[in-house]
Amino acid sequence: MTTTESSDLDLGVFDGQRERAAAIVARYPQPRSALLPLLHLVQHVEGHVSRAGVAFCAEVLDITPAEVSAVATFYTMYKREPVGEHLVSVCTNTLCAALGGDDIYAAVRERLGGIGHEETAGTPGEPGSLTIEHAECLAACDLAPVLTVDYEFFDRQTVDSAREIIDALQRGEKPHPTRGAPLTDFRRIELLLAGFFDEVELGGAAANAGPSADTATLAGARLAEERGWHAPPMPEPGDRDSGATLQGGAS
Amino acid sequence: MTEAPESYRPAPLTPVLTRRWLLPESWTLRHYTELGGYEALDTAFATDPADLVTLVKDAGLRGRGGAGFPTGMKWSFIPQPKPGEEPTEATKDAPQFKPKYLVINADEGEPGTCKDVPLMMADPHSLIEGCIITSYAIRANFCAIYVRGEVVHAIRRLHWAVREAYEAGHLGTDIHGTGFDLDIVVHAGAGAYICGEETALLDSLEGRRGQPRLKPPFPATAGLYAAPTVVNNVETIATVPSIVAGGKDWFRTMGREKSPGPKIYSLSGHVENPGQYEAPLGTTLRQLLEMAGGMKDGVPLKFWTPGGSSTPLFTAEHLDVPLDFEGAAEAGSMLGTTALMIFNETVSVPWAVMKWTEFYEHESCGKCTPCREGNYWLAGILQRMNAHQGTPEDIDTLLDVCSNVLGRSFCALGDGAVSPITSGIKYFRQEFLDLCQEQPAGTDNARVLAGAH
């Protein structure tokens, strides 16, 4: 794409986002740091990064569309085709795969008519449309195998439980993640990723939904509690060799 | 330094970072402060920043993101004006007069690693208190927490905690009446493993492709916006408040001489009770497995990683290796992120190695040829071998390509990528050879050129 082409694009779809874009830019010491959140904002509007979205970011930051495209194409989470109502990501990295992740991904594909990585069942923009992908390690290995829907965790999955999630999503239901807030949809989560975490459409204080941690994650903490194991007690400030303000011992 | 008495032994588990995790709503400011949260802040503010750097240095804290670099030393590399030094026409652009930045690497993505995300979900305020103390110590007024984009609930909790900290006066201007100002921004990444590399992370945070920078200059002198920057891992910085509260000698009652302190060991895979186990550094897998209820269904251990897929594999021979920076290295691997992925006898090593190599192939940023091309060919060869179409010579080819990636790549991604291959062949060569023997019936032996498709 070239600059001349992008000047022909209609950026009207982003008119309602200028205030948010300015708020993103204002967070950083230098404006260009806003580019990743701006691209998330674009996906909030369009469900992917379109040429117009690239032009919008370029205009906001006063850089070229080529510079924006170079960034947008580098990162896995920026999608080139419109994503469905939900994005289902199945971890197929080694640990999850060894515990069933590959089978789960195969079952998800099969359930959706054999579609593949970054393909969509249904029509993006319509309820129940699902885009799927195989994902790299999602940092939840103690809860393997995992999948995420709109980046919310569904831990310790099986082929059957994954099929149930897919069926429910296609019926327009929103099954509850095993950790985290009630499901919304892909586009609303992109608004969160742009840094607007408490807007009404995101459910406000959704941070307070869900447990502190999954019970498995707490295995060590619980064992320590059961057995009365603690870290060594900290000295009282007055007893510490370095004194209450550390100055003596630290210098 | 006062040594702990010889007879002193800490408990098998020493919850420091994880001590609040069992509380309901442990992520809230209220519960954080109930258990001593933000008390270290005033101790820190009553201390000269340079003395805080020395404290962390003397405590022996080492980076928890994989490399184990001494944290206090990293902070001490930040150029600061000498006492009374004012900028002159000649020095006004010198590093000591530039703004300083703290950047938190929360881009947890090393396969097997799952400690920082639960920490940010369960106790985000410990990270934020650490950010404030660290920023004060290095004299930074802007801190960015770069968190991978795929963990939205951790991001929500971080945003929420940052807001609570602002409202409580722990962030913003003139914090606790000290005249110290600090802003924290929670910055979501967009899915790129390479952004866990600190200079790639900085490029990404500057709104660019996340590709590593040539070093030197190091971030300490030319980091974010070419200004002095400390980049530290989540667990490292979340540990700082406890060092300020407990002192260096308390910290050293846990762990070993060169690797002191508690560490979150992440057990995953074929164990009865996978999860996060916070224990003194130097704890062995045998001890951890015992606490985790042993191998799942009693099926014997075959291989494991001490610290993620980029750390060379261990086997049952290594059950008693002390898992600290020295112990893991002396046994031929690395401590990495203490991501203990545990595999039993049912798992094929060549298959596991292929899956990891496919990961590195996907995540190679493309900047340097050895990593970009090497991982492409390595994945192809391993796929061919796993399809029973390999030959014994493929093992030599794998090792040859590995030797052209290791140490010749632009950053550590390439080095990490070959770890599972070379260690897998070292300990399980026969499994790779067996794959070459087991040609499925009906296949001809025509050589299939890896990657030719």
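Trainee: Into which domains is chain B divided?

Mentor: This is a predicted model, so read everything as a computed value. Chain B has domain 1 (29-83 + 91-251), domain 2 (261-342) and domain 3 (349-437). Domain 1 is written as two segments, 29-83 and 91-251.

Trainee: What separates the centres of domain 2 and domain 3 of chain B?

Mentor: Taken over C-alpha atoms, the centres of domain 2 of chain B and domain 3 of chain B are 23 Å apart. Their contact draws seven residues from domain 2 of chain B and nine residues from domain 3 of chain B. On the domain 2 side, the residues are three nonpolar, four polar and no charged.

Trainee: And how is chain A divided?

Mentor: Chain A has domain 1 (3-72) and domain 2 (86-185). Over C-alpha atoms, 29 Å lie between the centres of domain 1 of chain A and domain 2 of chain A.

Trainee: Now the chain pair. How many residues does each chain give to the contact?

Mentor: The general idea comes before the case. The size of an interface is often given as the accessible area lost when the parts come together. Here, take residue counts instead. Chain B gives 93 residues and chain A gives 73 residues. Helix α7 (residues 152-167) of chain B supplies the largest share of the chain B side, seven residues. By class, the chain B side has 48 nonpolar, 29 polar and 16 charged residues.

Trainee: On to helix packing. How are two packed helices described?

Mentor: By the angle between their axes and the distance between the axes. Now the case. In chain B, helix α6 (residues 124-138) and helix α10 (residues 234-246) have axes that come within 7 Å and cross at roughly 75 degrees. An angle from 65 to 115 degrees counts as roughly perpendicular. Therefore α6(B) and α10(B) are roughly perpendicular to each other.

Trainee: Which residues of α6(B) and α10(B) meet?

Mentor: From α6(B), take B:Ser126, B:Leu127, B:Glu129, B:Gly130, B:Cys131, B:Ile133 and B:Thr134. From α10(B), take B:Val234, B:Ile237, B:Ala238, B:Val240, B:Pro241 and B:Val244. The contact of α6(B) with α10(B) has nine nonpolar, three polar and one charged residues.

Trainee: At what angle do α14 and α17 of chain B cross?

Mentor: Helix α14 (residues 349-363) of chain B and helix α17 (residues 412-437) of chain B cross at roughly 155 degrees, and their axes come within 8 Å. That angle makes α14(B) roughly antiparallel to α17(B). The crossing of α14(B) past α17(B) is left-handed. On the α14(B) side are B:Val349, B:Pro350, B:Val353, B:Trp356, B:Thr357 and B:Tyr360. Their partners in α17(B) include B:Leu413, B:Ala417, B:Phe428 and B:Leu435. The class count for the contact of α14(B) with α17(B) is 12 nonpolar, two polar and one charged.

Trainee: Now single residues. Is B:Tyr38 buried or exposed?

Mentor: Count the neighbours. A residue is buried if 20 or more other C-beta atoms lie within 10 Å of its own. B:Tyr38 has 20 such atoms, so B:Tyr38 is buried. B:Tyr38 sits in the loop between α1 (29-34) and α2 (39-45) of chain B. Not counting residues up to four places away in sequence, B:Tyr38 touches B:Thr33, B:Glu129 and B:His170. One of these, B:Glu129, also belongs to the α6(B) contact with α10(B).

Trainee: How far is the C-alpha atom of B:Tyr38 from that of B:Ser309?

Mentor: They are separated by 36 Å, and the two residues are 271 residues apart along the chain.

Trainee: Backbone next. Where is B:Pro216, and is the bond from B:Lys215 to B:Pro216 cis or trans?

Mentor: B:Pro216 is in the loop between α8 (198-205) and α9 (219-222) of chain B. Read omega for the bond. From B:Lys215 to B:Pro216 the peptide bond is cis, with omega near -5 degrees. From B:Pro216 to B:Pro217 the peptide bond is also cis, with omega near 5 degrees. B:Pro217 lies in the loop between α8 and α9 of chain B.

Trainee: Is phi of A:Glu118 positive or negative?

Mentor: Positive, about 60 degrees, although A:Glu118 is not a glycine. A:Glu118 is in the loop between α7 (101-111) and β2 (119-121) of chain A. With 15 C-beta neighbours inside 10 Å, A:Glu118 is partly exposed.

Trainee: And what is phi of A:Asp150?

Mentor: Near 50 degrees, a positive value in a residue other than glycine. A:Asp150 is in the loop between β4 (147-149) and β5 (152-154) of chain A. A:Asp150 has 24 C-beta neighbours inside 10 Å, so A:Asp150 counts as buried.

Terms used:
Residues are numbered from 1 along each chain as its sequence is written. Chains are lettered from A and ligands numbered from 1 in the order in which they are written. This is a predicted model: local features need pLDDT of at least 70, side-chain atom pairs count only at pLDDT 80 or more; totals for chains, interfaces and linings use all residues. Axes are lines fitted to C-alpha atoms, for helices over the stretch in contact, and angles run from 0 to 180 degrees between N-to-C directions. Helices (H or I, at least four residues) and strands (E, at least two) are DSSP runs, numbered from the N terminus. Angles under 35 degrees count as roughly parallel, over 145 as roughly antiparallel, 65 to 115 as roughly perpendicular and the rest as oblique. Two residues are in contact if their C-beta atoms, placed from the backbone, lie within 7 Å. Ala, Val, Leu, Ile, Met, Phe, Trp, Tyr, Cys and Pro count as nonpolar, Asp, Glu, Lys and Arg as charged, and the others, Gly among them, as polar. A crossing is left-handed if the near helix is turned anticlockwise from the far one by less than a right angle, and right-handed if clockwise. A residue is buried if 20 or more other C-beta atoms lie within 10 Å of its own, exposed if 12 or fewer, and partly exposed in between; C-beta atoms are placed from the backbone. Domain bounds come from an automatic or database domain assignment.
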